[in-house]
Amino acid sequence: MDQPKEPQGKNLRKTLKNRHIQLISLGGAIGTGLFYGSGESISLAGPAIIIAYLIGGLAIFMIVRAMSEMSVEDPKSGAFSYYATRYWSKRAGFVSGWNYWMNYVLVSMVELSVVGTFVNFWFPAIPAWVSAAFFLVVITAANLMGVSKFGEFEFWFAIIKIAAIVAMIIGGLAVVVMALPTANGLRASFANWFTVGGGFLPNGLMRHGANGQWTGLLMSLAVVMFSFGGTELIGITAGEASDPRRTIPKATNAIIWRILVFYILTLGVIMAVVPWNAIGKPNAQGMVVSPFVQIFDSVGVHAAAGILNFVCLTAVMSVYNSALYSNSRMLFSLARQGNAPKYLGRLSKGGVPYTGVLTSACIIALAVVVVFLWPQFAFNYLMSIATISAIINWSMIMVTEMLFRRAVARGEGPGDLAGRTGESALNALHFKLPFARVTPWAVLAFLAMIVVLMCFSPSYRVAVIAGPIWLIVLLVAYQLTQGRARQ
């Protein structure tokens, strides 16, 4: 079992509070996917999308619980990579860390490439690349100021998104309670889930449509699972949490039900006010608008497009803020394991891994240039890696958790678990994964099913092909770097 090198000298500052950790993870999981992308998932499953979010939410909850079980006992920066290195192998740590880093580079690339469209809503004369460069510099500067400042930025970014969602829910519920007629001619009612467009499960579990596309509840699971990406940020924050044994369990248990409430209640209200089969369809002007704009229009708030534009702009900044934070900590952890250049393990006087922040920002800037020059290549192929890397990351978390428990049972656990063996050691875990003997296998089987379902979707099929290729690239890179290290 490879032991990662413990940091020497200056360490990361443990100044993230519970409210920071909860909002960082919540902000990471609630983004433009909910505000604009929810129409896709609804079109696949209809009102039954609520069931898909419950199933996907349970799976992601178990993944985060597995991550948190290890984080509480051994809080370290770059959690996934650190634990994979210690309890699996140095190779696994390399793959886990660089896979996660690349995932967020690509996510940041897409977010920054579209920021110009939101700015152009108000200032059409500003070139898109200027907007991307401006926000890249601003958020990078915020990350260099210290983790507490980052936490405050992310806290308020998340508050703006949450306020928009709550306003939509309250407005929508008011229309439902008063049974008011809406712009589409239907009276708002939760009964619309069962009476409009074929009922609650209009496309069944899985159906091959006349247009050649597969739809149904099962097909919506792939879209749903990727909308939960970002919740694992709880594990990244553990190394800088002020009281991880209290804050990590509290944040983990709270974050999942909050996300489920936001997603399920939001989509439930939207489908009560706007017919599910009209969501994501062109409006009278021939434009496809967000479900949020549709419901605000139905409520009578015709400035919805401007409000949502502001919310989405903050959502983009929030995602890039979280991405840069997690990537800098991942590079810091990889450097301390010997899986990345040593300079990435340096800290500023304020405890910020500034070399990791600046390196990630530079790579993201290059990626954004690629998007502007070759948009089709970037979105069709590079984003497929981002899509499959989430599955790789979640799978490695579950395997690492099983290996962590075996190490604990052998008496090789961290901290006060060291020396304790068998069931006594496992019972001493402070934040146990529920049904730990079967849960990892059940989650891995579920993720395997998601990969199979992705094969039926043209937009996700390329990701299934890219996955094995990406893993081979990482494994070859590991062998090359280890070869150089021995020379």
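Which residues of α18 are buried? The views below take this up in turn, starting with the whole chain.

**Overview. The predicted chain is built from 19 helices and 2 strands.** Helices (H or I, at least four residues) and strands (E, at least two) are DSSP runs, numbered from the N terminus. This is a predicted model: local features need pLDDT of at least 70, side-chain atom pairs count only at pLDDT 80 or more, and totals for chains, interfaces and linings use all residues. Residues are numbered from 1 along each chain as its sequence is written, and side-chain values use heavy atoms, with hydrogens and water left out. Of the 487 residues in the chain, 59% are buried. Buried means under 20% relative accessible area, exposed over 50%, partly exposed in between (1.4 Å probe, protein chains only). Among contacts (heavy atoms within 4.5 Å) with a separation of 6 or more, 79% join residues 24 or more positions apart.

**Close-up 1. Helix α18 covers residues 439–454.** Its buried residues are Thr439, Pro440, Val443, Leu444, Phe446, Leu447, Ile450, Leu453 and Met454. The expected span is 1.5 Å times one less than the number of residues.

**Close-up 2. Helix α5 (residues 79–87) meets helix α6 (residues 90–122).** Their axes come within 6 Å and cross at roughly 170°. That makes α5 roughly antiparallel to α6. Angles under 35 degrees count as roughly parallel, over 145 as roughly antiparallel, 65 to 115 as roughly perpendicular and the rest as oblique. Axes are lines fitted to C-alpha atoms, for helices over the stretch in contact, and angles run from 0 to 180 degrees between N-to-C directions. Phe80, Ser81, Ala84 and Thr85 of α5 contact Lys90, Ala92, Gly93, Ser96, Gly97 and Tyr100 of α6.

**Close-up 3. Helix α8 (residues 147–177) packs on helix α12 (residues 244–273).** The angle is about 40°, and the axes lie 9 Å apart. That makes α8 oblique to α12. On α8, the contact uses Ile162, Ile165, Val166, Met168, Ile169, Gly172, Leu173 and Val176. On α12, the partners are Phe262, Leu265, Thr266, Val269, Ile270, Ala272 and Val273.

**Close-up 4. Ser68 sits in helix α4 (residues 49–73).** Ser68 is buried, with a relative accessible area of 1%. Not counting residues up to four places away in sequence, Ser68 touches Ile234, Ile248, Thr252 and Phe431.
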